[in-house]
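Welcome! Try each task on your own before reading its solution.

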Amino acid sequence: MSSSDTVEAAVEPTVDGSVRIEHVTHRYGPVTAVGPVDLTVPAGEFLVLVGASGCGKSTLLRLIAGFEQATQGSVRVSGKAPRPGEAAGVVFQSPRLFPWRTVQGNIDLALRYAGVERAQWPVRRDELLARVGLEGTEKRRVWEISGGQQQRVAIARALAAENPLFLLDEPFAALDALTRERLQEDVRQVTGRTTVFVTHSAEEAVFLGSRIVVLTKAPGTVALDLPIDLPRGEVDADELRESREFADLRAQVSHAVKTAAAA
Ligand SMILES: Nc1ncnc2c1ncn2[C@@H]1O[C@H](COP(=O)(O)OP(=O)(O)OP(=O)(O)O)[C@@H](O)[C@H]1O
Ligand SMILES: [Mg+2]
């Protein structure tokens, strides 16, 4: 083998956060939770997954995160089999913070887990808290802050590892409409990475996604794959939400979800 061959063989596939799901079906015992699904998420895309309760959205996210191994088919993140904690930053359906710890304690744990040197923690922590609008809260205990603030800590924690892939499972479902809208605006700004976001809300899907995939009822397969091309950088969030184009897309997604759930 020549030296150039050796170099070639040692090169890792690009760590770009792209996702490739091929012929994937997942079962829990006798229950088929999802599939068969084929889905490719190119680097940098913001994909929103929508579908009825129980159709397998969380299962799909867990497969992408590497928490589960697909019963059939193949899942690849940046070209490799995903490993938990390594493949993606994950925000769960509920925040899953350590309530007795401070905000700082929760973030530091994520930085430690991500292998960041201790000397860099204060700077990185400040950066992360600023990104989610939580400056000055580091000494507060998790049980002392609001539900919306807890979700922000969960998002900051998931961003700590700097994985190129970001997975969010209905992160705002339990929040009031105003907080939810504000966090949606923040999430669009903070990610800038390949993102897979699960929601039940057609409104949220259209606001956030550069592409929306609607799943059929259980076991979920792809019912609709819709690119979303809205002038996001050019108009403010409220103007976008009130536009005719937005309303049309929301109606289209809402209709697809209902049809898919009834089929
Ligand atoms: N750990 C598990 N063990 C056994 N069955 C499971 C497990 N997790 C999920 N399931 C089943 O797999 C199917 C898909 O569940 P999943 O949580 O992926 O759905 P979902 O689309 O995320 O639903 P929701 O919108 O309610 O969160 C359901 O029938 C569920 O009961
Ligand atoms: Mg779920």
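Please keep in mind throughout that this is a predicted model.

**Exercise 1. Handedness and angle of a helix pair**

Task: Find which hand the crossing of α5 and α6 has, and work out how the two helices are oriented.

Solution: 
- Begin with the hand: α5 and α6 cross in a right-handed way.
- Next, locate the pair and read off the geometry. Helix α5 covers residues 147-160 and helix α6 covers residues 177-190; their axes come within 11 Å and cross at roughly 15 degrees.
- Now apply the cut-off: angles under 35 degrees count as roughly parallel. That makes α5 roughly parallel to α6.

**Exercise 2. Two further partners of α5**

Task: Determine at what angle α3 packs on α5, and at what angle α4 packs on α5.

Solution: 
- Take helix α3, residues 103-113. Its axis is 8 Å from that of α5, and the angle is about 20 degrees.
- The α3 and α5 pair is therefore roughly parallel, and its crossing is right-handed.
- Turn to helix α4, residues 121-131. Here the axes of α4 and α5 are 9 Å apart and the angle is about 130 degrees.
- The crossing of α4 and α5 is right-handed.

**Exercise 3. Around ligand 1**

Solution: 
- Then look at where the shell comes from.
- Look for atom pairs. Ser53 places a polar side-chain atom 2.6 Å from an oxygen atom of ligand 1.
- For Gly54, the backbone takes part: one of its N or O atoms is 2.8 Å from a ligand 1 oxygen atom.
- His200 uses its side chain, with an N or O atom 3.1 Å from an oxygen atom of ligand 1.
- Finish with the cover. On its own, ligand 1 has 630 Å² of accessible area, and the protein covers 63% of it.

**Exercise 4. Backbone details**

Task: Locate two cis peptide bonds, one from Gly35 to Pro36 and one joining Ala218 and Pro219. Then inspect phi at His23.

Solution: 
- Go to Gly35 and Pro36: the bond between them is cis, and omega is near 0 degrees. Pro36 belongs to strand β2, residues 31-41.
- Move on to Ala218 and Pro219, whose cis bond has an omega of about -15 degrees. Pro219 sits in the loop between β8 (211-215) and β9 (222-227).
- Last, check His23. Its phi is positive, about 50 degrees, although His23 is not a glycine. You will find His23 in strand β1, residues 19-28.

Conventions:
Residues are numbered from 1 along each chain as its sequence is written. Chains are lettered from A and ligands numbered from 1 in the order in which they are written. This is a predicted model: local features need pLDDT of at least 70, side-chain atom pairs count only at pLDDT 80 or more; totals for chains, interfaces and linings use all residues. Side-chain values use heavy atoms; hydrogens and water are left out. A polar contact is a pair of N or O atoms within 3.5 Å; within protein, one must be able to donate a hydrogen and the other to accept it, and residues adjacent in sequence count only if both atoms are side-chain atoms. Accessible areas come from the Shrake-Rupley method with a 1.4 Å probe; for residues, only the protein chains shown count as cover. Axes are lines fitted to C-alpha atoms, for helices over the stretch in contact, and angles run from 0 to 180 degrees between N-to-C directions. Helices (H or I, at least four residues) and strands (E, at least two) are DSSP runs, numbered from the N terminus. Angles under 35 degrees count as roughly parallel, over 145 as roughly antiparallel, 65 to 115 as roughly perpendicular and the rest as oblique. A crossing is left-handed if the near helix is turned anticlockwise from the far one by less than a right angle, and right-handed if clockwise.
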